[in-house]
Amino acid sequence: MTILENISLKPYNTFGIDAIAKQFVTANSFNDVKSILSLKKDLFLLSGGSNMLLTKNIEKLVVHLNLKGITTRDIDENYVLVTAEAGENWHEFVLWCISKNYGGLENLSLIPGYVGSCPIQNIGAYGVEIKDTFYQLEALEIATGKTHIFNNSDCNFGYRNSVFKNNLKGKYIITKVTFKLTKQNHQLNISYGAIKSALENNQHPTLKDISDAVIAIRQSKLPDPKEIGNSGSFFKNPVIDTESFKKLQEKYPEMPHYIVSENEIKIPAGWLIEQSGFKGKRFGDAGIHKNQALVLVNYGNATGKEIHELAQHIQQTILQNFAIELEIEVNVI
Ligand code: EPU
């Protein structure tokens, strides 16, 4: 392992922000991670870089977690446990599972990032979250170098949330993640409108049919980070109480919404942002995507600070227009 100095992080974050790492090291194995921990340095963990906005240079030792490998263990004729090392590319991993006819992750096709960080924000799309198939993960405790196993209930998964974003934030390095997937009798989820429409003439959709539909939907709405820098949804969809919702609905009868519980309604932040006139707008090299207003983009040379300022401007406007506080979903560094 070599510790490199003054490395640009532009290729390592999907927003394409040109922040500098004072020191940078790639961990290719579990033992590499252990050796790095034994250095007792302040660490900045870098996985796929797909859910972060870098607003400054990083003075800590940046550790690029690049552990690779997939293994499987059969449970019975219906289920298999599939374990991926943290540095496996998420989408390639999903495609690999589909090629083996292992079901459960197909709705999560084409999400950028690595396997190791998917539990941190409980990634989700089109009616499915990883918590639905997550079995366990292995992580190294940074303070002690000890290995810990976290089962599904240990992770406190919520909407784009887990214990790793709260109590245990910055305390562990996730090294591998195991999913419990189906080998037959797959539990397909085609409840999301656009998937349903894409498959309406298909009586017996396969895992690949669902994955293909998801890929087509994502490609039609979401910018490819290889072409335009972005981190997917920049904000969370806000949840408001029924009283406030009713007041807003009088003014905006067409406002889309989903019922979360008896007293909670979720509003698509993309709609609020579009209604406020931001969709497709560009401010220098920072902008709001033309097909999905929830996605902020870097057209080339925007700084993290510029994108963050745009995000704050959007938050203030939404607060003024709708009295709703938008919460940033991406990690702002
Ligand atoms: N909408 C608009 N204008 C927009 C965008 C959305 O009016 O520009 C409204 C539409 O009414 C649309 C509704 O918002 O029907 C929902 O839009 P969409 O289906 O695109 O989903 P989303 O709520 O904006 C969430 C996730 C996405 C995920 C999709 C599909 C969050 C923060 N985002 O977006 O996740 O792919 O659902 O399940 O929950 C991500 O987290 O990075 C991400 C892309």
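Colleague: Leaving aside its neighbours within four places in sequence, which residues is glutamate 327 in contact with?

Modeller: This is a predicted model, so read each value as a property of the model. A contact list is built from heavy atoms within 4.5 Å. Once neighbours within four places in sequence are set aside, glutamate 327 is in contact with Phe235, Lys236 and Gln315.

Colleague: Where does glutamate 327 lie?

Modeller: Glutamate 327 sits in the loop that runs between helix 7 (304-322) and strand 20 (331-332). Its relative accessibility is 46%, so glutamate 327 counts as partly exposed. Glutamate 327 and phenylalanine 234 are 93 residues apart along the chain, and their C-alpha atoms are separated by 8.8 Å.

Colleague: Which residues does lysine 171 touch, not counting residues up to four places away in sequence?

Modeller: Lysine 171 touches Leu140, Glu141 and Ile142 on that count. Lysine 171 belongs to the loop between strand 11 and strand 12. With 43% relative accessibility, lysine 171 counts as partly exposed. The C-alpha atoms of lysine 171 and threonine 144 are separated by 9.8 Å, and the two residues are 27 apart along the chain.

Colleague: Does arginine 160 count as buried or exposed?

Modeller: Buried means under 20% relative accessible area. Arginine 160 has 16% relative accessibility, so arginine 160 counts as buried. Asparagine 185 also has a positive phi, near 45°, and is a residue other than glycine. Asparagine 185 is in the loop between strand 12 and helix 3 (193-198). Asparagine 185 is exposed, with a relative accessible area of 59%.

Colleague: How many disulfides does a search of the whole structure find?

Modeller: The search finds 0 disulfides. Cysteine 97 is in none, and the nearest cysteine sulfur, that of cysteine 118, is 11 Å away.

Colleague: Last, a pair of helices. At what angle do helix 2 and helix 4 pack?

Modeller: For a helix pair, read the angle, the axis distance and the handedness. Helix 2 (residues 90-99) and helix 4 (residues 207-221) pack at about 155°, and their axes are 9 Å apart. An angle over 145 degrees counts as roughly antiparallel. Helix 2 and helix 4 are therefore roughly antiparallel to each other. Helix 2 passes helix 4 in a left-handed crossing.

Colleague: Which residues make the contact?

Modeller: Helix 2 contributes His91, Leu95 and Ile98, while helix 4 contributes Leu207, Lys208, Ser211 and Ile215. Sorted by class, the contact of helix 2 with helix 4 has 4 nonpolar, 2 polar and 1 charged residues.

Note on methods
Residues numbered from 1 in each chain as written. Predicted model: local features only at pLDDT ≥ 70, side-chain atom pairs only at ≥ 80, totals over all residues. Heavy atoms only, no water. Disulfide = S-S within 2.5 Å. Axes fitted to C-alpha atoms, helices over the stretch in contact; angles between N-to-C directions. Helix = DSSP H or I, 4+ residues; strand = E, 2+ residues; numbered from the N terminus. Parallel < 35°, antiparallel > 145°, perpendicular 65-115°, else oblique. Left-handed = near helix turned anticlockwise from the far one by under 90°. Nonpolar A, V, L, I, M, F, W, Y, C, P; charged D, E, K, R; others polar. Buried < 20%, exposed > 50% of the residue type's maximum accessible area, 1.4 Å probe, protein only.
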